[in-house]
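Biologist: Could you walk me through this protein step by step? I am new to reading structures, so please go slowly.

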Amino acid sequence: MWRFVVLTLACAACTNPDDILAAHGSVSSVDPVDGQVVRLLLHIDEHPTWFLVGELDSLPTPLKETRADAEGKFGFEVFRVETRRARWFRVETTFPSGSDAWSDLDFYGPETRLPPLLDWRAAPSLDGGVLHFDPPVPWPDELTPGVELTHREQLVTSDGGLAWQAEDRFQVPDESAEYPGSYQLAREPLVMDELRLEDFEGTLSLSAYLLDPNQDAAFLFSGVLPSRMRAAERLALRGTRVPLSRGLECPELATPCPLTDGALTEVDAGMIDAVSFKLATPAVVSAVVLRGAWVGDDLIRVVLAQDDGGIGGAFTGTVRNGDLGAFGSGGSPQMRLQDGGWGQLKLTYLVIPLDAGTPTSRVTLEFPGGLARIQEVSVFE
């Protein structure tokens, strides 16, 4: 099998640059799609690599444009020479509803079949802090192999800051697996409660990743990645809950503290292993919220201390590994860790519940694998 793969790729490298390569797909909407504009864009990489695609937010170089027919079908043709310096291509469309859909590809073979580009109408709403919406396809059965569907919520403030991000499908340790370190996928509802919203004002949007194995598009030979989409609807939100930590100092990092100003500015934490916050007056704290934290370990420890130096409680939060590949969220480039080795950083937006029940004077966050970068920390009563 692998000999066949190597020979196939080797032959592809010595084919005629004037060969015509084609990509075909379709758009789908509850509205008529005749004349729907579909764009082909490319990302040029001066130093090509074999990394998986899909981690860029946009591809700024338009290449071609076409229109779908009455059945939603469309196609593109490019010369092989046009693919030489392209890391990958993106086919995208914006529907009149305001939804966006796209798929990434590379032209490994003479013809590529694209997954359908869907006009996603999510109809999102909040009920008791839980986000309800219509998925782009019927909810799949999570217990058997088949359709993979992951949703992501993002709360973007009025000045462009990312206040919250979460996915509803993620990896969890598989305790029943034969080998240690094994994971399985789980799904939970997306939440946007008063802790996550804090006193930010912004817009909540939904994105989706969809892999349907019934589509005739094998990755290795067609270069097709699963389809992605952004729902047309947005929710305008405004929070009113101000954290206890607003304006507090964090001497281990910087003065004034950039983590308690509500500005959501990402700062370099230099792989420190702890940061603490002294409360203005002792209080019973209920939760700590981390926003945009790049950490080197799955565990984050919260230690609560009293005025006399006694420990009021120690709690652990677990960083969830996203559905790897769904949104390019499997990690960041490797970073030097505290023990001198190299590790993969993980991005987290995390709520750590606390139930100490006694007044606390100091809250300390401990990062066993180091803290590389972070936007904000909020301590709530």
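Predicted model: local features only at pLDDT ≥ 70, side-chain atom pairs only at ≥ 80, totals over all residues.

Biologist: Okay, how many helices and strands does the chain have?

Modeller: The chain has three helices and 27 strands. Among contacts between residues at least 6 apart in sequence, 73% join residues that are at least 24 apart.

Biologist: And what share of the residues is buried?

Modeller: Buried residues account for 46% of the 381 residues in the chain. The accessible surface of the chain is about 19,100 Å², and 53% of that surface belongs to carbon and sulfur atoms.

Biologist: Which residues have the most contacts inside the largest nonpolar core?

Modeller: That core has 48 residues, and the ones with the most contacts inside it are Val 27, Phe 74, Val 91, Trp 120, Leu 155, Trp 164 and Leu 206. Another core, of 31 residues, lies apart from it and includes Val 275, Leu 350, Val 363 and Leu 365. As a general background, nonpolar side chains in soluble globular proteins tend to be buried together.

Biologist: Pick Trp 164, then: what is it in contact with, leaving aside its neighbours within four places in sequence?

Modeller: With those neighbours set aside, the contacts of Trp 164 include Glu 153, Gln 154, Leu 155, Val 191, Met 192 and Arg 196, and also Val 289, Leu 290, Arg 291, Tyr 349, Leu 350 and Val 351.

Biologist: Now the rings. How many aromatic pairs are there?

Modeller: The count comes to four aromatic pairs. One of them is Trp 120 with Phe 133, whose ring centres are 6.5 Å apart and whose planes stand at 75 degrees, so this pair is edge-to-face. The pair links distant parts of the chain, 13 residues apart, with Trp 120 in the loop between strand E8 (117-118) and strand E9 (125-127), and Phe 133 in the loop between strand E10 (130-132) and strand E11 (148-157).

Biologist: Are those two buried or exposed?

Modeller: Trp 120 and Phe 133 are both buried, and Phe 133 counts as buried because its relative accessibility is 13%, where the cut-off for buried is under 20%. Phe 133 also pairs with Trp 139, with ring centres 5.8 Å apart and planes at 50 degrees, so that pair is tilted. Trp 139 counts as partly exposed, at 44% relative accessibility. Together, ring pairs link Trp 120, Phe 133 and Trp 139 into a cluster.

Biologist: Switching to charges, how many salt bridges does the structure hold?

Modeller: The structure holds 17 salt bridges. In one of them, Arg 39 is joined to Glu 92, and their closest N and O atoms are 3.2 Å apart. Arg 39 is in strand E2 (residues 37-44) and Glu 92 is in strand E5, so this bridge ties together parts that are 53 residues apart in sequence. Arg 39 is partly exposed at 23% relative accessible area, and Glu 92 also counts as partly exposed, at 21%.

Biologist: Which residues does the salt bridge network around Arg 246 join?

Modeller: Let me begin with the bridge between Arg 246 and Asp 199, whose closest N and O atoms are 3.0 Å apart. Arg 246 lies in the loop between strand E17 (235-238) and strand E18 (267-283), while Asp 199 lies in the loop between helix H2 (194-197) and strand E15 (201-211), so the bridge ties together parts 47 residues apart in sequence. Salt bridges that share partners then join Glu 198, Asp 199, Arg 246 and Arg 291 into one network.

Biologist: Last topic: where is Asn 321, and what does it touch?

Modeller: Asn 321 is in strand E22 (residues 321-322) and counts as buried, at 12% relative accessibility. Not counting residues up to four places away in sequence, Asn 321 touches Phe 170, Gln 171, Tyr 183, Asp 298 and Lys 346.

Biologist: And on the surface, which residues form a nonpolar patch?

Modeller: Ile 20, Phe 79 and Val 81 form one, with about 270 Å² of accessible area together. Val 81 sits in the loop between strand E4 (73-79) and strand E5 (86-94), and at 44% relative accessibility Val 81 counts as partly exposed.

Technical notes
Residues numbered from 1 in each chain as written. Heavy atoms only, no water. Patch = residues over 30% accessible without salt bridge, like charges linked within 9 Å, V, L, I, M, F, W, Y side chains within 5 Å. Areas by Shrake-Rupley, 256 points an atom, 1.4 Å probe, with all protein chains shown as cover. Salt bridge = Lys/Arg side-chain N within 4 Å of Asp/Glu carboxyl O. Helix = DSSP H or I, 4+ residues; strand = E, 2+ residues; numbered from the N terminus. Buried < 20%, exposed > 50% of the residue type's maximum accessible area, 1.4 Å probe, protein only. Phe/Tyr/Trp six-rings, centres within 6.5 Å; stacked < 30°, edge-to-face > 60°. Contact = heavy atoms within 4.5 Å. Core = buried A, V, L, I, M, F, W, Y, C linked by side-chain atoms within 4.5 Å.
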